[in-house]
Structures are given as C-alpha cells and as structure tokens.
Amino acid sequence: MAEEEAKPLTYIPETILKKRKNNEQWALRKKEQLEQRKFANKKNKSEYIKKPEEFVKEYRYREVDLARMKHRMKRKRTELVTPESKLLLVIRIQGKNDMHPTVRKTLYDLKLRRVFSAVFVKVNAAIIEKLQKVEPYVTYGYPNLKNVKELIFKKGYAKIDKQRVPLTDNNMIEQALGKHGILCIEDIVHEIANVGPHFKEVTHFLWPLELNKPEGGLKGLKKVFKEGGESGNREHLINELIDKMN
C-alpha cells in the first residue's frame, strides 16, 4: 500500500495572527469593562442616598393619591352594577413611586405587581370596590372569546410551588385541576370564558399574564378612558388594546 503523501502545513500570514491576538485582547478588555460597569452601577444604587426634597415630593404624591382614592370611593359606581359580562380582564398600565401604600396593596391583592401585567376577574361588589381604588393605574373591559383563548395559549403560565411554569403539559393541568373536571388547556379557556363554577380555582392556578408594551406606548394620563385618557373601563374596546399587547 503506497504511503500517503504528506500534506503541506497551512500557512497563516503573520498579520492575520496579530489581528486575531488583538481581537482576543480587545474582547477580554471589553468583558472586563462591562463587568466593572455592572459592579459600579450596583454599588452606586446601593450607596445612593435620596435627598430630603425627594422624600418630601414622594410623600406629597402619595398623600394626593390617597386623597383622590377617597374621593373616587365616594362616587356612585353604576357602570358595572349590571355588567354586560361577568368576566373582566384588568391590565395594570402605570404606577411606581407616586402610589400610596393603600393603593399599592390593592394592586398586589389583584396580583398586578408589574406594569403591563393582567388578570381575569369575576365581576362582583368586592372587585368593583378594588377597581375604584386603583382606577388611575389600571384599565379593564370585557375580553371576547378569541382574545381569552389567545391570551391563555400565548401568555398563559401556571403557578406551581410559587414558580412560573409554561402551560405545555396537560398532565400538570390534570394533576392540579383534575378534581374539578379540568384536564387540559382548552378546559381552562372554557372555564374562564364562561366564568364557570371553578373560575376561582383556575385563576388561582394561573400566573398573572405578562403582556407586551403596546405599539406607540400609552398617553400616560391618569384620566379615564371615556375622557380621553387610558385608565378605567373600556368595555368591549379593551379587545383593541389586547390585540396591541398580546
């Protein structure tokens, strides 16, 4: 058997080798700079001390927010006394440091801890009262069946042991809700859309929906929707906003 001919070694020009070495050194320096920046930002945040006037400003905002909430609670609420649908989708659209703790707690009770998070709720007196308290920070309305289905299929997650778990396994759903006759994701959609007898168990099983920021953003006004703002009751027009955020 003839011996194989020795293949010549591939020659790499010195300029290319130098360029590779420079690129590797540049990448290492860039990585170090990025890590230093992250560390510096974290340190600055931890060492940042608010000025007295910032505390005063936040306190005033919160007191104004509390006064406005009390004023809203005195108003007669007739919009949802005889609702067109028992089902509402509530979306948090704003609210940070200017909220009074009472208002913030109500948002948390609704499971709306983050801006652009959303939850399905059943209309009753307690929900109407909560919506009054947080009206400038949420918008809500009657989602149609198409949007209920798409929201659950696209944005739906389960809450398992306080963890956010994708709804990809019907066995997981059956294990948690099978005793209520809910065995798959289609059953979840049906139960929510029809506000069925186990609506509470299903919504407790679901993690709050995390929607996208709508294209073009929001106006940022704390006026109700009917007065040209973004908050409050949109009735069936909530479906237009859902399409932009799903």
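Helices (H or I, at least four residues) and strands (E, at least two) are DSSP runs, numbered from the N terminus. By that count, the chain has nine helices and seven strands. This is a predicted model, where local features need pLDDT of at least 70, side-chain atom pairs count only at pLDDT 80 or more, and totals for chains, interfaces and linings use all residues. Residues are numbered from 1 along each chain as its sequence is written, and side-chain values use heavy atoms, with hydrogens and water left out.

Now for a pair of helices. Helix 5 (residues 145–155) and helix 7 (residues 185–193) pack with their axes 10 Å apart, at an angle of about 140°; axes are lines fitted to C-alpha atoms, for helices over the stretch in contact, and angles run from 0 to 180 degrees between N-to-C directions. The two helices are therefore oblique to each other (angles under 35 degrees count as roughly parallel, over 145 as roughly antiparallel, 65 to 115 as roughly perpendicular and the rest as oblique). Contact here means heavy atoms within 4.5 Å.

Arg 234 counts as buried because its relative accessibility is 8% (buried means under 20% relative accessible area, exposed over 50%, partly exposed in between, with a 1.4 Å probe and protein chains only). Leaving aside neighbours within four places in sequence, Arg 234 touches Thr 139, Tyr 140, Phe 225 and Leu 241. Across the chain, buried residues make up 35% of the 246 residues.
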